[in-house]
Amino acid sequence: MDRHYKIHTESLADFVDVDVLKAVQLERLQDTVTRCYNNVALFRTRMEERGLVPADIKTLGDVARLPFTQKTDLRDTYPYGLFAAPMNEVVRLHASSGTTGKPIVVGYTRDDLDVWSSLMLRCFAAVGMTANDVVQNAYGYGLFTGGLGAHYGAERLGATVVPISGGNTERQMMVMKDFGVTAICCTPSYFVHLIERINASDVNFNELKVTTGIFGAEPWTDEMRQYIEDASGIKAFDIYGLSEIIGPGVGIECQAQAGLHIFEDHFLMEIVNPETGEVMPDGEEGELVFTTLTKQAFPMIRYRTHDITSIVSERCVCGRTIRRIKRIRSRSDDMMIIRGVNVFPSQIEAALMSVDNTEPHYQIYLRRKGGLDQVEVKVEIASHLSTDRIREIEAMQKKLSHAIEHTVGLRIPVQLVEPGSIARSEGKAKRVVDLRDEEA
Amino acid sequence: MKLKQISVFLENRPGHVNHICRVLAKNNIDIATLTLADTAEFGLLRLIIREWEKAVAVLESEGCAVNVTDVMAIEVPDTPGGLANVLAIAEQGGLSVEYMYAFSLGNSDTAQLVFRFGDMEKAATCFGEAGINVLAAVEFYR
């Protein structure tokens, strides 16, 4: 194909008529519920307990009658208990990192992989990438969905994929420069690390051709985006996904960078009250819940993501009709309750980044002393120290502490640490160090 | 006549000052003098080094947070009242002293005072007019 159309053929579904979308969603929902009812014991039992059969799903609103699926259900049925396709149709497995106990295993049929690649293509197209791009895919290849998910989507777009995977920062820098990379996929924290390493090297961002970053797999803030864009000159886009649903490619920011479009032709989204499970209207903040509409091997019904956000139903300036969610403020799993106050790491990040002369490398330490939770934030001081005066450094510390207090309503001590002293991650950054059980 | 002073941010952890010294030693950089200012939570190591540019490069590549500031070195007779005379001039000139440290080299009969004034320009004028011996780098490192 000689010319690139502004809207990729596969992206046309992003602009579908809303009534058509709803009709497609209903048909697909009915198929998914039938498939789950017929093939997955847990879903069938739960529906039977509620006296439901697939034929009861007559409208999209009826989804609210279906039982939720929790992460624990996925662990309890390890490894294949929720698969809705026979194993001879399953062509790929992925698994979550499994920080506690067994991982969660997800499966894909050939059709599932086809849909997934198409969704990733739509993600790349939405941020303005084309077959002319050279994509450095620094997401980890392997059981993690990020690497292969981005890989096949970029290939499908016709872009040139550099399947470098995560780690080996020296080589990442060499490839970025020598291969004329124009777009990079990785976690935002890893890109911050790359910026730091590039700045310390002979390479200058002006010599690089990178213009686009697709960053996901961990929550990050607008303040972090600002930092990345200012420091590197690229445009930084947030991508959303989770392996339980499909992997990356559930949603993406378009070039307006104003919320993430969810591919509603494949995923039915709801926002529910995290405590009561009650469905909430568009615009209100709550927990994001997904029902997959086309997944064959690993369909999900009303999966509780623990991600806190709200649905933006106003039409986006980009013209896409599929609705958006606000950037994920946090996963409710990340929420810390400190002296009775709910605190998200992303709030601390936003506060820290509002103060100059520190680096976007921080860690939150939780300890327990005499039965009371103690928090401390460690943040790296910038390597070009701005002052030789003790009191100015102390003032910086106070300013950081005040910024946090202003955001979360708690006085949390801030300790400045030397540049580079906080461990860098090549994948998901470890923002919270919880020592409460070890030291109790 | 100003000298360059390097300030290095230090976390309060054992071995950190030594780390800086080892890094400089490894690169064959000689320290003319140094002073450590500390608080309960962190410290600032202030160093006067002839090859200060090299030292900054080496320290930054080791991941240190480094600041470069102008300070003023004044030589006074190593006798009672030597410092007091200089401070009297600073007081008359309305100069505020951010911090200072002093040392005496070998068996010489003079002491070197290193001053960080709030307003370094004003300080230079003030001491110039008072005829005080402000050391240039060449004299300082002789």
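In this predicted model, the centres of domain 1 and domain 2 of chain B lie 23 Å apart, taken over C-alpha atoms. Domain 1 of chain B covers 2-69 and domain 2 covers 72-140; such bounds come from an automatic or database domain assignment. Their contact takes 9 residues from domain 1 of chain B and 10 residues from domain 2 of chain B. Contact here means heavy atoms within 4.5 Å. The two domains of chain B bury about 1,000 Å² between them, with 66% of it on carbon and sulfur atoms. Buried area is the accessible area (1.4 Å probe) that two parts lose on being put together, summed over both. On the side of domain 1 of chain B, B:Lys2, B:Leu3 and B:Thr33 lose the most area to domain 2, together 55% of what that side buries.

Residues are numbered from 1 along each chain as its sequence is written, and chains are lettered from A and ligands numbered from 1 in the order in which they are written. Because the model is predicted, local features need pLDDT of at least 70 and side-chain atom pairs count only at pLDDT 80 or more, while totals for chains, interfaces and linings use all residues; side-chain values use heavy atoms, with hydrogens and water left out.

Between the domains of chain B the rule finds 0 salt bridges. A salt bridge is a side-chain nitrogen of Lys or Arg within 4 Å of a carboxyl oxygen of Asp or Glu. There are 2 residue pairs in polar contact across this interface (both at pLDDT 80 or more). A polar contact is a pair of N or O atoms within 3.5 Å; within protein, one must be able to donate a hydrogen and the other to accept it, and residues adjacent in sequence count only if both atoms are side-chain atoms. E1, strand E2 (31-38) and E3 of chain B each supply at least two residues of the domain 1 side. Helices (H or I, at least four residues) and strands (E, at least two) are DSSP runs, numbered from the N terminus. By class, this side of domain 1 of chain B has 3 nonpolar, 4 polar and 2 charged residues. Ala, Val, Leu, Ile, Met, Phe, Trp, Tyr, Cys and Pro count as nonpolar, Asp, Glu, Lys and Arg as charged, and the others, Gly among them, as polar.

Chain A also divides into two domains: domain 1 (1-328) and domain 2 (335-439). Their centres, over C-alpha atoms, are separated by 30 Å. In contact are 17 residues of domain 1 of chain A and 15 residues of domain 2 of chain A. They bury about 1,400 Å² between them, 60% of it on carbon and sulfur atoms. The count between these domains of chain A is 1 salt bridge. A:Arg424 forms a salt bridge with A:Glu196, with the closest N and O atoms 2.6 Å apart. Helix H7 (188-199) and helix H8 (222-232) of chain A are the elements that give two or more residues to the domain 1 side. H7(A) makes the largest share, 5 residues. That side divides into 7 nonpolar, 7 polar and 3 charged residues.

The interface of the chains brings 24 residues of chain B into contact with 19 residues of chain A. The area buried is about 1,800 Å², of which carbon and sulfur atoms give 51%. B:Phe9, B:Glu11 and B:Phe42 supply 29% of the area that chain B buries against chain A, more than any other three residues. The rule finds 3 salt bridges between chain B and chain A. In one salt bridge, the side chains of A:Arg389 and B:Glu98 meet at 3.1 Å, N to O. Across the interface of chain B and chain A, 13 residue pairs are in polar contact (both at pLDDT 80 or more). Strands E1 (2-11), E3 (42-49), E4 (66-77) and E5 (97-103) of chain B each give two or more residues to the chain B side. E1(B) gives the most, with 5 residues.

Backbone geometry was examined in chain A. A cis peptide bond joins A:Tyr78 and A:Pro79, with omega about -10°. A:Pro79 is found in the loop between helix H3 (71-76) and strand E1 (90-95) of chain A. A:Arg302 has a positive phi of about 45° although it is not a glycine.
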